[in-house]
Amino acid sequence: MKRKHASAWVAVVAVCGLVGGVGAAAGAVPSPLDVGDPSVAVETERQKIDIMGIWAHPDDDAGFTTPCGVWHDRYGVRCGIIMATRGEGGSNSVGPEAGPDLGLRRENEDRTSHVRSGTLDIFNLDRVDFYFNTSAPLTARVWDAEDTLRRTVRIIRETQPEVLVGSSPAPRGHGNHQYAQGRMVWEAAAAAADPMMFPEQLTGLGAVEPWQVKKVLAGGMTTGTGGTEGPNCLAGFVPDPANPFTVVGTWTGYDSPFTWAEGNLAGQPGGSPKTWAQVGREGARAHPTQARTMVTDLVEPTCQRYGVSESIVPMQPNGTDASTNDDAVLYGAVVADPGGMPLGSVFSVESDGYFQAAGEPFDVTVTTRSGDGDLPGGEVSPEVPDGWTVSDPVVVESISDDADTSASFVVTPTADADPARYRIGAHFAGGGVTAYNDTRLELVPPVEGRFQRTGNAAEYDAWTMANDAHVGGRSEAIGSIGAGESITVPVEVTNRSGGPQSGDVTLDLPEGFVADTGTQPYAGLAAGETTTVDFVVTHTDPSDPGSRNETFSVTTTSGLGTSSDDMNMFVVPTVVIPELGAAPVVDGAGDDYAGTAIDVSTRWEGRPCGPDGTDCGEGSTAQLGWFDDAFYAHVRVTDDVAGSAATPERCFGHWLVDSVELLLDPRGDSPDTSTTFKLGMFPFTDDPEGTNGNGPDGPCWSRDADNHQGFSTGPLADTVEQAPNAPGVEVAVSLERDASGAYAGGGYTIEVKVPLEDLPAAVGPTSSVPQGDGSANTVDPTYLGLNVTPYDSDTQDFIGKTRTAWSAFGTQQAEPPRWGHAYLDGYAPPAGRPIEPSSAILPDTALQGVESPQTIYQSAARGGTISGVQPSDAMSVESVKIKKDKVRIAYRTSEPGAVRAFLWTGDPTFIPVWTSSCPGDVYGFEACSVDDGAAPPWAPDMSGRLLGTVTAEVDAGSGKVAVPLDADARTALGEDSLVLVSFAEAPSEDAAPGDGVNAWSFPVEQRVPAQVGEGG
């Protein structure tokens, strides 16, 4: 139950007057001001959204600006965006903001990028942007998948979008992207329609109803030939034979309502209209904190295409005249399909399983329902690939608007059909009405041998089956082997035929690998069953430098033919780390190491090296050792120009400056970095007073994207949750920078000591050193995952350039399976040190919607709850009084919680992100001078929009809070101003954190003369 309180109390936790320099005339009397009737979130009807996009971070939605502009301008479509995070975990190229402050700035950048396209509804889910990773499962754990889904579903039920837009859920790229704009699209569409999901949303205050999304555009292929560069841009388009998706397109060259400024740098006639391609690209680049730059040149129009991933409504098949129309994306969902079925009609196609076998029959069902009144009957006929057989068309007597009408068919692929994805379509014709829709399935061999998927790949395959979301294709088989090691390579054989099967499994290996056997039999595999065949593979050269990919292939035979599969095997380097005779003196000199140095100069990301190897890290090395339960490394980095110097407060984001990252995976089996130790070391800082404790301009270091990230040195180390996160770590540097900014001696040296007890789990004992001989090796050895990664900037604006490493693969910083393998000769961990990694400690830096004035305004003025949480009417705002030196807000609440108030001037839907010298430029996207396009000042007042704010924790009862007004803020407050208020109930045991919210927007107005008193 929620706590009740008999009396009220107020604790003001943050108060500020933010505007300075406006300058009221001396002795001027402030204009008498009052507030008008407010917009209140729980009382404002939420406007419908037609097309909703779901994304992970601001700027992931950059491709949504242009089509939404066209759809809104030409067809009256209202777009919306669900944004999982505000990107506060990223870097900032134009200011000092980090964490929630950066989230506030990036939220505005995103709102500004879309405002001209008519997209004013951006719903932030307040998830934490915790760090770059490539794992959807990790993202789901950190974001609390159930709560994230609950919030997303509520927003969908409130706004009732017909179409969802996202991207592929395939396990490639950022894990936040895979999850938010990949998986969440499918999960939320299904859950929003299911009354058993989140039933608490369906009753009480702000009750919503289940909602069925009609169409999904997320990850579908758009490949094909033909089309035209002009209106109806899919005219003549033919999808590729390998593309099973129906493709829709929108021409972006239509004139927008926005015009070129006089004297624009693009040389266009002043006053002439900009195309939506131009406006959209300008908006898409409106993210200066992410090192984007202002668009000042001419943008050519294109045909923006989407592959229809799922549709339960009729649409037009490619090749028809109507399919070429620029509004074909809307057919059946937002506007009626040209075939004549009323808007809201269902016409869907479904097979009895996504995976089917060549030569084996399967069922297809076509479901119809009218959106408005009964329709006359007609014939339903399937459309299948050439050569496949299908049962006869089915005649339906009529199509009702209150019950489904179904037609079922038996489809049999040819016995020799190639394994691939295929389109299965269906047509209806009757009573002058036609309809079309399709689905996809994947044909696989009747008996199939595949390399066993593990980790995130196996989890992804399970997710696609559970959610019937096969748009991203099957996972890739990925493995890792260290130079000279022996590993088990399992192959899973599945029988999808109608009877038992026997055959052989043959492994084909590239040069440098051998297997214990080349071929193994299987026998009597029953229909529908799977068996596993294991091979032991040895890499024969322990001195191989790795950092490359090899392909393993497997062929499986049966009485019904053959199947094949490939595995992408990462070959990583191995190293023996010797026990040192004594603990090295950590001074940067590196005189106390034994063993061969490893090469850390192989480029894995960034600009290619010059022909002479200059400034590419060529010759960079690391010497390694261990002594008395500590790991030591001495890293010599070849570099010429010293990059930006970070202040101690910016001792994070090491990839933006010159730095070295040390990566350690204690058990060698981490699927992501949440169970690893990663230390970013900056060789120098902008710290002339030595406030960080490492001498004037001395080094700093911090843990990043790992089990306990955050500052690891200096006073800021104490601010990390459960600090310290790297006790006993020592870092020393040896470097000299000359007056030109060059490194004397052509580089710098970093030496580091890491106590192994700082790692999330015990290290080792590691296996015997691999010999490249299967008879001598430990199969599936235990090792320390290790990488050493120098970062090179050469710039003074915190933009990284070249990245090198010992084990050099793209995205290796987020994927421990791509790190090298280290064997600690003779080391054993102390007794009792746990081998299971500790739970990750991730800082929750997410800005909450109740803390954002722009989000509060949207909720209050446009309806819908903040961040998709349950609404609350526990608090009422009794009055708002504008006094000479404060704005006083009287409230009454039946629940404890937090009140936040903001004084705002100007348009709350956007704040320009670029400076512009063009007269009359309201939005800040015009460039008339080469000096235009800088980022205007932001902090502490959101570019002058925020005049004051207060946060108060309140108890149940009545009370008042006040936002102080200094003279400048009081002068700036006028009739284009707002008083914005949010309330969030205090957390309780029976509610999710943050549930129970409301928002108010009070317009500031001139007070009538009879009310001029300023007392109190």
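In what sense do strand 23 and strand 24 pair, and over how many bridges? Strand 23 (residues 420-430) and strand 24 (residues 433-444) are antiparallel partners, joined over eleven bridges. The model shown in these views is predicted: local features need pLDDT of at least 70, side-chain atom pairs count only at pLDDT 80 or more, and totals for chains, interfaces and linings use all residues. Residues are numbered from 1 along each chain as its sequence is written, and side-chain values use heavy atoms, with hydrogens and water left out.

**View 1. An open sheet of five strands, in the order 17-24-23-19-21.** The pairing within this sheet is mixed; two strands count as paired if DSSP finds at least two bridges between them. Strands (E, at least two residues) and helices (H or I, at least four) are DSSP runs, numbered from the N terminus. Strand 17 (355-357) and strand 21 (394-399) each have a single partner strand and stand at the edges, so one side of each lacks a neighbour in the sheet. From one strand to the next, the twist averages 35 degrees. Within the pairing of strands 23 and 24, Ala-420 has Leu-443 of strand 24 as its bridge partner.

View 2. Strand 53 (residues 977-985) runs antiparallel to strand 54 and is joined to it by seven bridges. Strand 2 (residues 33-35) is also antiparallel to strand 54, with three bridges, and strand 3 (residues 39-40) is antiparallel to strand 54 with two. Ser-1001 of strand 54 is the bridge partner of Ser-39 and also stands opposite Leu-980. Gln-1006 of strand 54 stands opposite Leu-33.

**View 3. Helix 7 (residues 455-467) and its buried face.** The 13 residues of helix 7 reach 19 Å from first C-alpha to last, close to the 18 Å expected at 1.5 Å a residue; the expected span is 1.5 Å times one less than the number of residues. Ala-457, Tyr-460, Asp-461, Trp-463 and Thr-464 are the buried residues of helix 7. Seen down the helix axis, these residues fall within an arc of 160 degrees, so they line one face; the arc is that of the directions from the axis to the C-beta atoms. They pack against helix 5 (175-193) and strand 25 (447-451), whereas Met-465 and Ala-466, on the other side of helix 7, are exposed. Asp-468, which follows helix 7, has a positive phi, near 50 degrees.

**View 4. The packing of helix 2 (residues 99-115) with helix 8 (residues 853-862).** The two helices pack at an angle of about 50 degrees, and their axes are 9 Å apart. Helix 2 is therefore oblique to helix 8; angles under 35 degrees count as roughly parallel, over 145 as roughly antiparallel, 65 to 115 as roughly perpendicular and the rest as oblique. Axes are lines fitted to C-alpha atoms, for helices over the stretch in contact, and angles run from 0 to 180 degrees between N-to-C directions. Leu-104, Glu-107, Asn-108 and Arg-111 of helix 2 meet Pro-853, Gln-854, Thr-855 and Gln-858 of helix 8, where contact means heavy atoms within 4.5 Å.

Note on methods:
Buried < 20%, exposed > 50% of the residue type's maximum accessible area, 1.4 Å probe, protein only.
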